Amino acid sequence: MTRLRLLLLVGLVAFLAVPAGAQPATADAVQAGRFDNGRMFTLDEPPLDYFRETYDFAPDDAWFQHAQLGALRFATYCSASFVSPTGLILTNHHCARQSVTQVSVEDGVDYNEDGFYAKDMDEERMVDGLYVEQLIAIQDVTGDVAGAAMNVEGDQARQQARQQAIAAAQAQMEAEYGEGFRVQIVTLYSGGQYKAYIYKRYDNIQLVFAPETQMGYFGGDPDNFTYPRYSLDFSLFRAVDENGDPLEVEHFFRFQPEGTDPGDLVFVLGNPGSTTRMQTVAELEFRRDFNEPAILNAIASREAVYGEYIAGNPDAPGIPELTDTYFSLGNSRKAYTGRVEGLRDPNVIARRRAAEQNYINALAADADLQAQYGDIIDAIAANREALRPMGNQFGAFIGLGPGSILSSPVMGRAVLAFQYANASEEQQAELRENMLGVEDLPLELQQGLVEARLTDFETYLGENNPIVQQVLGTSTPAAAAREIAQNSPLTTVEGTEALLDSGDILSDPAVQVVAAVIPAVQQFQQANATAGAELAELSSRLALARFELYGTSIPPDATFTLRISD
């Protein structure tokens, strides 16, 4: 095991050291592959020919229905499945952590530390607010949604028309299905398809079992997002009815104590978060140079702030909840590390470029398609190129507002307070409620988060930028953050209420920072909105062109909806 770990780490270091402009190692590396876009197939359009040709396996509709109804979406952030006829639900340990923390706070026992096990149903604990969703049907609504924008002029107007059609379709279908069901209109192939995913929602979910963190998170961060793992990374819940009786389940996945054998055909079901494998090379290069590195840096810096506070204050109030946030940031850092590495890998970009050239060649072979869609690749490249002068601002302003895991209560409230100072009386009432609804964090932690934000300004805008000069003056980010933490009433709910009542809002040091950056933020957001609307329309046209050429032979990007993979 030690030898394998060292080989992996050495490989990782060498991988990170490859410069962005390096040449691919082999000719094969630059050839586009059949499944470069992955094999995350939708259950309503599975590649039956591929399964038959590759595995001599021909599942029928009943097989796919069983798979679909046995799988679950666990709240808004994980996958799960029914694993018994009495409503037992299996998911990952890390997916359960938030629920375990909630039950721990209610019971005054740290179940994350000690583990939780209900010997019978009477000991299972209801988790308020937790739900799971079961995908019961998929309906194609492409005609209704795409048709709504057919004769509409303007990029933003077409987007709005489609959004209105989506909202109308969702409302109509939810009314038809009734209480306990939810409809989500999912955009596939960048607008090539629109599908209505109809979910049965189960709101009465009880915690049954969760291992202690030392077992569920064994190996810690180095083993996270790697394979094989040697942790007990699973937890059990149960769905019950309104009377508290176990839910009767027809479709579930049975445990197989004997496990699998070499050569067994295995399928994976789940709800992968999101991918962008349909993007053009110009889009990927823009993300490589700006978005993904900035997001990774922001996540890593906030993770370090949380980690330092938790390590220095192990017995402080709220540590379990803060640890959940810390773990979440760690998972996100791992995910974005992989994204940045992939975007900087010359072989990956070369394969995408080869696939793009294959598309261009196929399009050129059809005069009608070429006339209709031949300008799209160049138009997308021009769209991204025009935004490059503002690219670094993404890192400066990302997650500035309230509710972002990258922000702090004081800065989130400062954004709202600045709006409050310039709002109507009716708007002020709502903004006040929003400000007071922001949960407090320890002052030391807030100071660290503010310092990270001010460092972002300095890093991405430059030390000599007028905004940075106005915000920092001769201070360092650390000194300026300390000044804000010590002198801004917006660090607490009580202080915020007092500041609003005093009317002296614009003199607050955190609000002054926001006032200095807001004009640039608004200019950046407007430029992004305009370019984004144009890009969305171009991407929709590109999706239609690809659809004309390839149909559904290429699986769509992940959308946190149910997929099956071999």
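This is a predicted model: local features need pLDDT of at least 70, side-chain atom pairs count only at pLDDT 80 or more; totals for chains, interfaces and linings use all residues.

**Exercise 1.** Determine how much space lies in the second largest cavity, and which residues and elements line this cavity.

*Solution.* The space in the second largest cavity comes to about 40 Å³. Its lining is made up of Gln-68, Ala-71, Leu-72, Arg-73, Glu-133, Leu-135, Tyr-199, Asn-271 and Leu-562. Sorting these residues by class gives 5 nonpolar, 2 polar and 2 charged. Turning to the elements, E2 and strand E7 (132-140) each supply at least two residues, and the largest share, 3 residues, comes from E2.

**Exercise 2.** Describe the second largest pocket by its volume, its lining and the elements that contribute to it.

*Solution.* The volume of the second largest pocket is about 1,100 Å³. It is lined by 30 residues, of which Phe-253, Val-266, Phe-267, Val-268 and Leu-269 are the closest to its centre. Two or more lining residues are given by each of several elements, among them helix H3 (61-70), strand E2 (71-74) and strand E12 (268-270). By class, the lining consists of 17 nonpolar, 10 polar and 3 charged residues.

**Exercise 3.** Work out where the buried residues of H14 lie around the helix, and what covers them.

*Solution.* Taking buried as under 20% relative accessible area, one finds that Ile-376, Ile-377, Ile-380, Asn-383, Arg-384 and Leu-387 of H14 are buried. Viewed down the axis of H14, these buried residues fall within an arc of 125°, and therefore they line one face of the helix. On the other side of H14, Asp-378 and Ala-386 are exposed. The cover over the buried residues includes helix H10 (281-312), helix H12 (346-364), helix H13 (367-373) and helix H22 (509-550).

How values were computed
Residues are numbered from 1 along each chain as its sequence is written. Side-chain values use heavy atoms; hydrogens and water are left out. Buried means under 20% relative accessible area, exposed over 50%, partly exposed in between (1.4 Å probe, protein chains only). Helices (H or I, at least four residues) and strands (E, at least two) are DSSP runs, numbered from the N terminus. The arc is that of the directions from the helix axis to the C-beta atoms. Contact means heavy atoms within 4.5 Å. On a 1 Å grid over the protein atoms alone, a cavity is a set of points where a 1.4 Å probe fits but cannot get out, and a pocket is an open set with protein on both sides within 12 Å along at least five of seven lines; lining residues have an atom within 4 Å of a point. Grid points are joined across faces, edges and corners, and a volume is the space filled by probe spheres set on the points. Ala, Val, Leu, Ile, Met, Phe, Trp, Tyr, Cys and Pro count as nonpolar, Asp, Glu, Lys and Arg as charged, and the others, Gly among them, as polar.
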